[in-house]
Every structure is written in C-alpha cells, then in structure tokens.
Amino acid sequence: LLERTSFSNLWRALCLRMLPGALLICFVGFHPYTLVVSLFAAVATFIILTLSPHIPLQVSFVGLASVVAVMACVLLCGSFWTRMKRQSFLLERSFEEALEGAVRASRQADSILNHTLKNTMADAASDIELFLEDGVVGEGHLRRAAASLWRGMRSCLNRQAYLHLVAGKYSVSLLSTNLAKFARELTTGRNVQVRVPDQAVCIDERLCHLILDNALSNAFKHGHCDNPDVQLAIELSQAATATSPDTMLLTATVTNVAHPARPTITPEFVTQVLEGEAPSSPTASAISDRIGLQHSFMAAKTAGAALSLTQTDGTVAFVMRLEAAASAAAPRESLAIEAAAAGFPPGLAIYCIDDSEAARRLLRHNLLAHAQTDRVRVFGENEGEVAEFTQAVLQHGDIAILDQHLEYGGDANILGSDIVADLQAQGYRGLVCMRSGNTADEDVALYQAAGAQCVFGKEVSMKRMIARMKVAYNEHCRRHATLVIEDIDSARSSGVEP
C-alpha cells in the first residue's frame, strides 16, 4: 500500500511538473514533433513502469491515463489558441497588404491624373490667352480651351476606374454607345483625323474611353515632335467566332508617325513595359513610368478586349479589338425615347442650389434656353438661402437640382444629400437631381439613399444633362401617376371613397 501510494504520488508529481510546460506550449504554440515526442515519452515511461516488478499495473495505467489527459488538454487548448493567433495574424497581414495595394494604386492613379490635368490645364490656359489677344477672331481658341477643360474632368472620372481596376472591383457596364459621338468627344480639342461609322454598339464606354484616351495621349507625347499625324479609325465587321449573329468585331486603331530619336517598338519592349522593366533612354521623359499603358492593358483584360502595340517602318499602331453587340432598342430604351420625344411640360418650376456663382449662372441660362420654362430660380449665394430653397421647393417646385457640397466657410458646410433627405421626409414628390463633382459609386449610392432620382456629374454638358433630366422627369411622372391610380383602386376595393 505504501509502495502504491508512493508511485501514485510519483505520477501526480510528474503530471504537476508537466503543467507549467504544457501551459507554456498551449500559449506559445508547438510544433507537431513536440507532441509526438511528448506522447512517445509518456508511452515509454508507461512501458518501463509496466515491466518493473515493483510497480503495480493499476498505477501504471492510471498514470498513463493522466499523462494522456494532460497532453490532450494541451493539444486542444494549444490548437485553439494557435488557430486564433494565426487567424488574427493573417487578417492583420491581409489588411496591411490591401492598404498598401490601395495606397500604391492611389499614388499611381494620382500620378496619371496629375500629369494629365497639368497638360490639359496648360492647353486650356494657352488657348484662353490666345483668345484674349486675338479677340473675336480667336474664337476657335476658346472652343479648344473648353474642350480641354471637359477632357480634364473626364480624366478625373478615369481615376476612379483606375482604382477599381487595380482593386479588381470594376464592374463592366455595357451601354448603347454611338461610335461617331464617342469619337467626337474623345478627340475634341485634339488634331486627330477620324474615320468612324455613325453606328451604335453596346460597349463599356468608360473602359474604351480610358484605353483610347491613353493611346491618343501617348501618340502625341511619344510621336513625332513636329508632325505626329495622329489618326483614329474604328471599323465594325462580322466576328468570325461570334456565337450570336448580332455580335460585331470592333477594331479601333490609333496610328502616329514614330519619333525618329526613340527606339523601335518591339514585342519584347512592350512586354518589358507591362512588367515595369522598360529600359530608360536619353529621350524618355523623367516623369513617365508608362503606367498609362499598363492600365490600358488591365482595362482591356477587364473589358474582354485584345490590345497590340506595334511599329512598322516609321508608323506606330495601337490596335484594340473587342466583340460588341449591335445596339437594339430595348423596352427600356424605347420608353426613354418616347419620354424624350414627349418634351418638358411647359411652365415647370425648376429650383437649383449651388455655392458656385458660375454654376448658378450656367444652370439658369441653359434651363431657360432648353427646358421650355421661365420659372427657374437659383439659390446658394449664402447659407441663408438654403432654407429659402427648401421652402420654395416644397411649395412650388417640380424639379430640384442640388450640389452636394455647399461650402460657405467655417463650419457652414452643408450637404445636398441632407437637404434631399429633409425634402423627402416632408413629403416632396417632385424630381430630385444631384449635380456634383463627386460621382463615385459610393457617392451615387449616398445620393440615391437620400432620395435623389437622378445623379449628374459636373463633367456632363448642360444640354446632355437637360435631355436626360427630361427623360427622367417624364418617367417619374408616369410612375407617380401609376402609383396614384393604384392607391385609388386600393381605396375603392376597401370600400373607402378616395
């Protein structure tokens, strides 16, 4: 009995001595070999004690069970704790990598935007200066300056596309696009020869604009210094691999005369550019890292297009091939065409609020000229006019147009989305339009959540905005009339006189 008691105490002491090490292993983690060695030591100790004639067999089994129980607890606790630490580490690391990637993409996009905006602003300033010197004779300078400014605003939109492309979050949106109009907007203010059919196809206009805008910019920037002879040609043909008879092969080609001092473009050179390993040359720009070409290929991959950049003799050709469906009048498009043909009802009350005096003048001038009404009022000169705008819209307004950021200095910065939410809370039933310089996906979602039915970027021309607003207003009236009829029918079916 004394021997059994002493050996039991021996096992108990062994287990107690194992606890500190087990807890340490539990919290710091362990290698699988540590567990194997520990189990092997316990089994070896059990075998030695079992073979000993002085130790009862029951004590050996009890001791082995105790050691195994301790090791099982260590295994379970250690695995749970280690898994939690590993998941926390991986989560933190993924956040850091995502943050670094977002910062890197933002810097690249800002680098492109900074370079593009500086060039477009410089072009616009030069044309305005020439206009001021030439007077009425130089009206063409002013038109080119306006085109440069519109191109700069579209470049700001491309920045959002860059960021979404790098993050892999860009969602392709196929819309009916007239190629002639698309090419005209792309080349306005540039000396480009254009050969484009007057035909509509379904493409992602943002991605195609990004790709071809970069191609045209590179043609002027890296082409012949005296006469680059930039040309844009778009052709449509039947796709050989098309599964649908309506699918067309769109081929867009940008050509220019090569710079005589620059190296010849080869497939190896293009590959190095895309991998970020292009060799520098004495004539290369110090600020050009060819990120634009890399993003063009990234955008093409997202859009399902194939790009090629080649040089034959003294001509550089950038080619984009893309399968596009011929545009057909869908029911929604037919409704939009019908609504557009209906025109504005005469005498609508349209109220606008913007903190920019130039924007207010532009809105008033164009709405009076194209909206078939003389009941146009603009607000926003000071903070006090915000309440006047809200009251006027609630009492008489048919259409409300709001800027998002109304800044009056200090703490008097009012959000248009808050005004929209207030209008909706007070039962406003008219059309609400946001006209803002911020039209990213998250911004549009914010405006729509507040109650806005239309969102226009400030890069959209006034004529196009009013045309789209006319369609939206007629659709809004049709939906509102349907809801009123449904409410009347519901009331009558309930035995209540509407």
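## A salt bridge and its surroundings

The side chains of Arg464 and Glu185 meet in a salt bridge, with 2.2 Å from N to O. Arg464 belongs to helix α14 (residues 462-493) and Glu185 to helix α5 (residues 179-187), so this pair ties together parts that are 279 residues apart in sequence. Keep in mind as you read that this is a predicted model.

How accessible are the two partners? Arg464 has a relative accessibility of 23% and counts as partly exposed. Glu185, at 22%, also counts as partly exposed. As a general idea to carry along, side chains of opposite charge can pair when their charged atoms come close.

### The whole protein

Let's step back for a moment. The protein has 498 residues, and 35% of them count as buried. Its chain forms 14 helices and 14 strands. The protein exposes about 28200 Å², and carbon and sulfur atoms supply 58% of that area. If you take the contacts between residues at least 6 apart in sequence, 69% of them join residues at least 24 apart.

How many salt bridges does a search of the whole structure find? The search finds six. Three of them are set side by side here.

| Pair | N to O distance |
|---|---|
| Arg464 and Glu185 | 2.2 Å |
| Asp354 and Lys458 | 3.4 Å |
| Arg93 and Glu97 | 3.4 Å |

The side chains of Asp354 and Lys458 meet in a salt bridge. This pair links distant parts of the chain, 104 residues apart: Asp354 sits in the loop between β8 (349-353) and α10 (357-370), while Lys458 sits in the loop between β14 (454-457) and α14. Is Asp354 buried or exposed? With a relative accessibility of 2%, Asp354 counts as buried, because buried means under 20%. Lys458 has 23% and counts as partly exposed.

Arg93 is partly exposed, with a relative accessible area of 45%, and Glu97 counts as partly exposed at 46%.

The relative accessibility of Asn366 is 9%, so Asn366 counts as buried. Which residues does Asn366 touch, leaving aside its neighbours within four places in sequence? Asn366 is in contact with Ala371, Met462 and Ile466.

Now look for helix α11 (residues 384-396) and helix α12 (residues 416-425). Their axes come within 11 Å and cross at roughly 35 degrees. The crossing of α11 past α12 is right-handed. Where the two helices meet, α11 brings Val386, Phe389, Thr390, Val393 and Leu394. On the α12 side, the residues are Ile419, Asp422 and Leu423.

### Two residues with positive phi

Most residues other than glycine have a negative phi. Asp313 has a phi near 55 degrees, a positive value in a residue other than glycine. You can find Asp313 in the loop between β6 (306-312) and β7 (315-326). At 73% relative accessibility, Asp313 counts as exposed, because the cut-off for exposed is over 50%.

Gln372 has its place in the loop between α10 and β9 (375-379). Gln372 is partly exposed, with a relative accessible area of 49%.

### A nonpolar patch on the surface

One last stop is on the surface. Val43, Ile47 and Leu51 form a nonpolar patch there, with about 290 Å² of accessible area together. Val43 lies in helix α2 (residues 32-51). What is the relative accessible area of Val43? The value is 41%, so Val43 is partly exposed.

Key:
Residues are numbered from 1 along each chain as its sequence is written. This is a predicted model: local features need pLDDT of at least 70, side-chain atom pairs count only at pLDDT 80 or more; totals for chains, interfaces and linings use all residues. Side-chain values use heavy atoms; hydrogens and water are left out. Patches are made of residues with over 30% relative accessible area and no salt bridge: like charges are joined within 9 Å, nonpolar side chains (Val, Leu, Ile, Met, Phe, Trp, Tyr) within 5 Å. Accessible areas come from the Shrake-Rupley method with a 1.4 Å probe; for residues, only the protein chains shown count as cover. A salt bridge is a side-chain nitrogen of Lys or Arg within 4 Å of a carboxyl oxygen of Asp or Glu. Helices (H or I, at least four residues) and strands (E, at least two) are DSSP runs, numbered from the N terminus. Buried means under 20% relative accessible area, exposed over 50%, partly exposed in between (1.4 Å probe, protein chains only). Axes are lines fitted to C-alpha atoms, for helices over the stretch in contact, and angles run from 0 to 180 degrees between N-to-C directions. A crossing is left-handed if the near helix is turned anticlockwise from the far one by less than a right angle, and right-handed if clockwise. Contact means heavy atoms within 4.5 Å.
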